[in-house]
Amino acid sequence: MKWLSLSLSLLASSSLCQAFAPSSTLTVLSTKSTTSNNDNNNNSQQLYQSKNDYNVVFRPSPSTNSFDSLKLGTARVHRYSDPNSGLDGGDTEYIMWYHGRDPSLNEASKDLPPLSTGRIGRATSRNGLIWERDEVGSVDADMVGVSMGLNTDSWWGFDTAHVGLGQVLMPMVGPAIRSEGGVYIMYYMGGSYEETQIGLYLEEEKRARVPEDAMIKGMKLRIGAAISQDGVTWGRVEGDDPSGACVVPYDTTDTNVADVSLNGDIPEELYCGWPEVVVNPVDERDQKKAAKDKTRDNFFMYYSTMLKETKEKAIGYATSENGFAWTKQGIVLQPTPGTLDGAGCARCNVIKKATLDAEGFWKEDKNGWIMFYEGVSSEDGKHRILAAESDDLQSWRKIGLVLDVGESGEAWDAKGVGSPHVIRLDDGFFRMYYTGESESGETAIGVAKTLDLSSWVREQAEVTFAFE
């Protein structure tokens, strides 16, 4: 089994398998988890002031029995306001979905890649900084406290070994107001116990150090969708692929490749994961026309992939009329040699550019979009958050660095930052939730803030002191 340990270590050192794939003052305090006397209490956290982790808002569970006790990744946050609540400024609620992993998925017998994916959980907050885990989760999940678990109903499914979060949409409502009867759509990725050669994912120098017959499971990621009425219990939507996925890697050696909907010449891919889905807005004057147009691209999906021939980590995109049947359109973002994304582009979040007007309403740029994505440096191998912009959701222009790794080697996010997700706040600020990794490999979710979408500063997590 020495070759397996070597192979996994090589994968872990590659940009694919970083732990976060692998997640109003502007100085910060943090939430730091400590184990309680009751090991089943997932909510037990204490707050510490530290110059190294002051903007951490969520950590792995202190309970060894929890699905997220080892790693965290890909936080997706919704912010809802109820203007009829009678409270000053409305009653605000934040909901976070994220994925996490427990140590059992890293057991050698499972042969899974060293990612942070495992199962998907949920947490809630009143201010977006202090979070409470959902300890119950869905009654349909395979583990307590899990909102979306492993697929235990279909042994042939693409998501039987581990799952990870992409995006959660509620297309029937606006970006900040939740209405009764809204339906959530979750886009996620999953891996099965299907074996593939480890060498397929390694560059030539590393591949030479691994036996040709060395195999790994759960690496050929595919993308699926699920729906929910409450955001807690999810029902999988069967995709066109025999595995149940709705988006799969384009691979000519796959016997099901004919089922992949393509537009033009698409490079072969090794996996599809971390889906980011954007609703293509319709001008109010064109709504009736758009409703009848069955060829309109109402949804854009951006996903992380590895190109089979070059081993480049890139971002591809697909389009859909209904959000469930997708057509691959090609690659929108690839590494630029010698830059902070020279070793890869991955895990993005796309939002509309907007500004807060004098009356306190957000005004969106009609054609302006910005993508925050994870760039992997070819110089030091660290992950950083970069940005690109677009006028049409198809052609993207790189802007550059927006959030660097922690300055100190002792910082909780000194090894890498990634999996960004940006929301709007009532004061004109944008808040970014991101996953960070320390030099020791520990992961957590932190926050940063900006007014202009370019100058981001780590944000102070709120601390409340109680005195007896």
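**Entry 1. Hairpin of S18 and S19**

I started with the hairpin of S18 and S19, which has five residues between the strands. Gly360 takes a positive phi near 85 degrees there. I was working on a predicted model, and I kept that in mind throughout. Next I checked the strands themselves. S18 covers residues 344-356 and S19 covers residues 362-376. They pair in the antiparallel sense, over 10 bridges.

**Entry 2. On to S20**

I followed S19 to its other pairing. S19 and S20 are joined in the antiparallel sense by eight bridges. The hairpin of S19 and S20 has six residues between the strands. In this hairpin I noted Gly381, with a positive phi near 75 degrees. Val376 came up again here: its bridge partner in S20 is His383.

I then stopped at His383. This residue is found in strand S20, residues 383-390. Is His383 buried or exposed? His383 is buried, because its relative accessible area is 1% and the cut-off for buried is under 20%. Which side chain does His383 meet in a polar contact of 2.5 Å? I found Glu374.

**Entry 3. Asp404**

I looked up Asp404 next. Asp404 lies in the loop between strand S21 (397-403) and strand S22 (416-424). Its relative accessible area is 32%, so I logged Asp404 as partly exposed. Leaving out residues up to four places away in sequence, I listed its contacts as Arg384, Val417 and Arg458. With Arg384 there is a side-chain polar contact of 2.6 Å. For Val417 I checked the C-alpha separation from Asp404. The distance is 7.2 Å, and the two residues are 13 residues apart along the chain.

**Entry 4. A four-stranded sheet**

I turned to an open sheet of four strands. Their order is S14-S15-S16-S17, and the pairing is antiparallel. Which strands are at the edges? Strand S14 (269-279) and strand S17 (327-333) are, since each pairs on one side only. I noted an average twist of 30 degrees from one strand to the next.

I looked at one pairing in detail. Strand S16 (residues 313-320) runs antiparallel to S17, and five bridges join them. Ala318 has Lys328 as its bridge partner in S17.

**Entry 5. Aromatic pairs**

I searched the whole structure for aromatic pairs, and the search gave 15. I wrote down two of the pairs. Phe67 and Tyr98 are stacked, at 5.9 Å centre to centre, with 25 degrees between the planes. Phe67 lies in the loop between strand S3 (56-58) and strand S4 (71-82), and Tyr98 lies in strand S5 (residues 91-101), so this pair ties together parts that are 31 residues apart in sequence. I checked burial too. Phe67 counts as buried at 3% relative accessibility. Tyr98 is buried as well, with a relative accessible area of 1%.

Trp131 and Tyr433 are edge-to-face, at 6.2 Å centre to centre, with 75 degrees between the planes. How many residues apart in sequence are the parts this pair ties together? I noted 302, because Trp131 lies in the loop between strand S6 (119-125) and strand S7 (132-133), while Tyr433 lies in strand S23 (residues 430-437). Both Trp131 and Tyr433 are buried.

I also found an aromatic cluster. Its members are Phe300, Tyr302, Tyr317 and Trp396.

**Entry 6. Charges over rings**

I then checked for charges over rings. The charged end of Arg347 sits over the ring of Trp274, 4.7 Å from the ring centre. Lys449 lies over the face of Phe429, at 4.8 Å from the ring centre.

**Entry 7. Ser228**

My last stop was Ser228, in strand S12 (residues 222-228). Ser228 counts as buried because its relative accessibility is 2%. Which backbone atoms does its side chain reach? I found the backbone nitrogen of Gly231 at 2.8 Å. I also found the backbone oxygen of Thr233 at 2.7 Å. Leaving out residues up to four places away in sequence, Ser228 touches Gly182, Val183, Tyr184, Thr233 and Trp234.

Key. Residues are numbered from 1 along each chain as its sequence is written. This is a predicted model: local features need pLDDT of at least 70, side-chain atom pairs count only at pLDDT 80 or more; totals for chains, interfaces and linings use all residues. Side-chain values use heavy atoms; hydrogens and water are left out. Helices (H or I, at least four residues) and strands (E, at least two) are DSSP runs, numbered from the N terminus. Buried means under 20% relative accessible area, exposed over 50%, partly exposed in between (1.4 Å probe, protein chains only). Contact means heavy atoms within 4.5 Å. A polar contact is a pair of N or O atoms within 3.5 Å; within protein, one must be able to donate a hydrogen and the other to accept it, and residues adjacent in sequence count only if both atoms are side-chain atoms. Two strands pair if DSSP finds at least two bridges between them. Axes are lines fitted to C-alpha atoms, for helices over the stretch in contact, and angles run from 0 to 180 degrees between N-to-C directions. Rings of Phe, Tyr and Trp (its six-membered ring) pair if their centres lie within 6.5 Å; planes under 30 degrees apart count as stacked, over 60 as edge-to-face and the rest as tilted. A charge sits over a ring if NZ of Lys or CZ of Arg is within 6 Å of the ring centre and within 35 degrees of the ring normal.
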